[in-house]
Amino acid sequence: MRISWMIGGAQGTGIDTSANIFGKVVSTLGYYIYGNREYHSNIKGRHSYFTLTISDKKVRSIPEKADILVSFDAETVLQHFNEIKGYIIYNEGVKGTKVETVQSMESEVAERISKQLESENLPKTVEGALESAKRRGVKLIPVNYDEIAKKVAEEAKVQLSVVERVKNVIGIAVSTKLLGINEEHLAKVAGSTFKQELYRKLNVMAIKKAYELTESVYSLPKLEGAPERYLLDGNTAVAIGKIYGGLRFQSYYPITPASDESMYIEAHQEVLMEDPKTGDKKKGAVVVVQAEDELAAVNMAVGAALTGIRSSTATSGPGFSLMVEGIGWAGMNEVPVVITYYIRGGPSTGLPTRTSQADLLFSLFAGHGEFPKIVVASGTHDEAFKDAVLTLNLAERYQTPVIHLVEKTLANSYTTVPKQDLGVGQLYADRGKLILSPPEDYARFQFTDDGVSPRAPLGKALMYYTGDEHNEYGFISEDPVNRNIIYEKRMKKLELADKEIPEEERVKVYGNVNSENVVITWGAPTGVFMDILEETKLDFALLQLRMFSPFPSRFVSKFLQGRKRIIAAEGNYLAQAGKIVKMNTGIEATNYILKWNGRPFLRDEVEEALRNVIEKDVKKVMLSGGS
Amino acid sequence: MAGHKFHWNDWCPGCGNFGILSAEQQAITELGITNNTVIVGGIGCSGKLSQYTRIPVSGVHTLHGRAIPFAVGIKLANPSLEVIVNGGDGDLLGIGAGHFVSVGRRNVDIVVILHNNGVYGLTKGQAAPTLFRGMKTKSLPRPNINDAINPVTLALASGYTFVARAYAYDVPHLKEIIKQAIKHKGLAFVDILQPCPTYNDINTKEWYDKRVYKMQDMDPVVKSESEMQEKLKKAIDKSYEWGERIPIGIFYKNELVPTYEERIKTSAPSYYDNYPAEQKIEYEKKLTTIIDPLLEERKVAEDN
């Protein structure tokens, strides 16, 4: 079972709240959900929308066409009427609105819609768009939002303006009725978002009236035996993972879509710790600093890490560009620091609120000179949580910066994660060679067999750091002999990591491992392919790359040997992961499924592309779904 | 301690940095804080001071302009450390100007020492942000066409709660100022007038010797909220005195403004009792943070 639901409206008009209520309604019935949020770079007024998949099984993608659209304004209908296959719930009052009068819509979009309606001999209005959808078999559900609000106000004997706040629940109610969800359940969930009794009452009244408008066509009964689950978006998954993993310093400069992570940590900055030996509980602070810029953010995090604590920063492309110098210093000085890199559309400020996978090569090669760097990419929400702990461990074990890649899609989408998938209790802390009682003649960069030196917190021993080349004690040295030795010591740590980190953890395989078709992907598209594997008979193996440095060369090389089709599927133009595979294994992709329009990989378009590649051997497919 | 052995010092003979280093060594030693002091430097001649301390204090030689953020990270993670930033005028007021101003808004309990010689020494004498317009030092191909920043005024305007000026060749006075800066609760700034014998042939030792004088009539200490405004105004006025007479000494001192560390405490009361560098985040690899309440908030349950 799989139903998809969409809600749209102007940013700042309660779309977020409505989507949250709806998500809660279905997830508390025991269903799995996966929701994605799309928005413009603005505060109020521009079109924003949520797409939500509901399923009785775990789900990690959104389709290209939704079953139900909830809309209040004209733009939502115009933007999405082509993407709906079931029902459009719309506001009767906006039927007559002309395409050209919707100011908030981009002119390119308006022009496209006008042309389409013209070619279908339909008026260039909301009504025309609705008619177009109707011709394709979509059912229309008109709602007179104002009339319902007026009636509720009259019955409750309150001013109409008071009822405004519950207007959003009407659209939700019509869709939950369509889904066969009972009225009381919606009233209870929606009511919990309001503190005041009056609003709860108004909600119940509005829901009642909305329920009279339509008949149930689906049936979403309460699922019995649903496991314990958490509702997590990517930002929060990483934030909670970091706190759990012992992060105690986070600095950031505000940037979409990274800031939410830091703001979550700040809101939960005092944590409780339990000494497993004595059972004593103690409170401790996580310091979160909103820095003056990204240069400060990364260097504060690096400075904090010198004191022996777990430290990180979070940013996205434009911020990462500024951080590169600091990351180089951390590499030179063997500082464990985690940089969570939320990838959005570039170059420059690009598409600030849209997704992308185009910064992979940049993250991997960031910094002048050579230094070891670990790059991890999470594909799903539970991975994002576990990887937050993993990256903190790797940073300390190999004493080097670790870059954790999370795309906007993962950051801003949310899903229900079963408790056991988070691995709480199994996750551990690996602090590497951290020593709290260093010897008197302590040398921070002491030469060792594996290249990793014992690391003492700044203040516990006499130590020197410099971004210049240095000797074992951290003193500047340009001696060519020392340069050779210490350079090799640093670089050797990557070889050690390659030896120690199991390749199976750096790359995951799904589907028919013996198939002649292999899809190579990474990040959020992984979930889309996993869903396709579960729901179709398409024959392919899915190779999810989780670590790009150290790259699991032997595994990938062996796995790709002799395959007929190697399909690089990623959210960029250059097929960057494909290039990294070629660089490390010599094996080149044969086919490509690429997308760079700023929208996530959508399940149906990916399935179609995959069919074309596998069945018709199409070499390259450019995906263009999403509005 | 082979690696700790004193090695070649890159500073030119006669460099003001020797006086600054000497004063810092004495101040730190006399205060008895060698074991928990960290000197953080940027890039350039000043930045290398963190490598040349020669007394048992740790040194962190960072990036051009970024010494302040590094220092802030160190201090906030471990507030028991004494953190002293050394930077040149190009470092702190050019490439790092944003950090110099921003740290003022935070009043982090660290010391910022400016090696003010008007030039970028290590890259052969280009004009630094404190060099006045029209000046042509011997290293410049033509007279400087930029106006100069007044570091003392800027520090005062940015919120530094201890602001002083000293002279690199008056080591005893400089040492006292640095001691006061370290002891100050809050963010301290010391502008050190420092001749560059190689590239700045205008603001030389002879030039400064004739002009610097110790302020006698200044009472820089803010004793109550009500006199804050007035003392700050007086300090700003005084900071503009420059030319035939150049005042050195303390311009402003205010311990009534809460430090950033105290501000953290308002949202995380355990901050001082269990600051980040002291926390035990694991025991035999087992994570100690109790995460259940955060996950509980995210739990999908019908009753929420």
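## A strand pair in chain B

In E8(B), B:Ile192 is the bridge partner of B:Ala166. The two strands involved are E7(B) and strand E8 (residues 188-193) of chain B, which pair in the parallel sense over 6 bridges. Strands here are DSSP runs of E with at least two residues, helices are runs of H or I with at least four, and both are numbered from the N terminus. Two strands count as paired if DSSP finds at least two bridges between them.

A quick word on provenance: this is a predicted model, with pLDDT of at least 70 needed for local features and 80 or more for side-chain atom pairs, while totals for chains, interfaces and linings use all residues. Residues are numbered from 1 along each chain as its sequence is written, chains are lettered from A and ligands numbered from 1 in the order in which they are written, and side-chain values use heavy atoms, with hydrogens and water left out.

Back to strand E7 (residues 162-167) of chain B: 6 of its 6 residues are buried, so the rest of the structure largely encloses it. Buried means under 20% relative accessible area, exposed means over 50%, and partly exposed is in between (1.4 Å probe, protein chains only). In a regular strand, side chains alternate between the two faces of the sheet. Here B:Phe162, B:Ala164 and B:Ala166 point one way from E7(B), with B:Val163, B:Arg165 and B:Tyr167 pointing the other way.

## The eight-stranded sheet in chain A

Chain A has an open sheet of 8 strands with mixed pairing, in the order E6-E5-E4-E1-E3-E2-E17-E7. Strand E6 (139-143) and strand E7 (229-233) of chain A sit at the edges with a single partner strand each, so one side of each has no neighbour in the sheet. Neighbouring strands are turned by 20° against each other on average, direction ignored; the axes behind that angle are lines fitted to C-alpha atoms (for helices over the stretch in contact), with angles running from 0 to 180 degrees between N-to-C directions.

At the E6 end, strand E5 (residues 84-91) of chain A runs parallel to E6(A) and is joined to it by 5 bridges. A:Ile88 stands opposite A:Leu140 in E6(A).

## Around E20 in chain A

Strand E20 (residues 517-521) of chain A is mostly covered, with 5 of its 5 residues buried. A:Asn517, A:Val519 and A:Thr521 point one way, and A:Val518 and A:Ile520 the other. E20(A) pairs in the parallel sense with E23(A) over 4 bridges, where A:Ile520 stands opposite A:Ala568. It also pairs in the parallel sense with strand E21 (residues 541-545) of chain A, again over 4 bridges, and there A:Ala541 is the bridge partner of A:Val518.

Helix H20 (residues 525-535) of chain A is mostly covered too: 9 of its 11 residues are buried, among them A:Phe529, A:Met530 and A:Ile532.

## Salt bridges

The count comes to 66 salt bridges over all chains, taking a salt bridge as a side-chain nitrogen of Lys or Arg within 4 Å of a carboxyl oxygen of Asp or Glu. In one of them, A:Arg546 meets A:Asp387 with the closest N and O atoms 2.8 Å apart. This pair links distant parts of the chain, 159 residues apart: A:Arg546 is in the loop between E21 and strand E22 (547-549) of chain A, and A:Asp387 is in helix H15. Both residues are buried, A:Asp387 with a relative accessible area of 3%.

In chain B, the side chains of B:Glu30 and B:Lys179 meet at 2.6 Å, N to O. B:Glu30 is partly exposed at 44%, whereas B:Lys179 is buried at 14%.

## Cysteines and a surface patch

There are 0 disulfides over all chains, where a disulfide is a pair of cysteine sulfur atoms within 2.5 Å. For B:Cys12, the nearest cysteine sulfur is that of B:Cys15, 6.3 Å away. The sulfur of B:Cys15 has its closest cysteine sulfur in B:Cys45, at 6.1 Å, too far for a bond. B:Cys12 is partly exposed at 33% relative accessibility, while B:Cys15 is buried at 10%.

On the surface, A:Tyr573, A:Leu574, A:Trp596 and A:Met622 form a nonpolar patch with about 460 Å² of accessible area together. Patches take residues with over 30% relative accessible area and no salt bridge, joining like charges within 9 Å and nonpolar side chains (Val, Leu, Ile, Met, Phe, Trp, Tyr) within 5 Å; accessible areas come from the Shrake-Rupley method with a 1.4 Å probe, and for residues only the protein chains shown count as cover. A:Tyr573 is exposed at 54% and sits in the loop between strand E23 (565-570) and helix H22 (576-585) of chain A.
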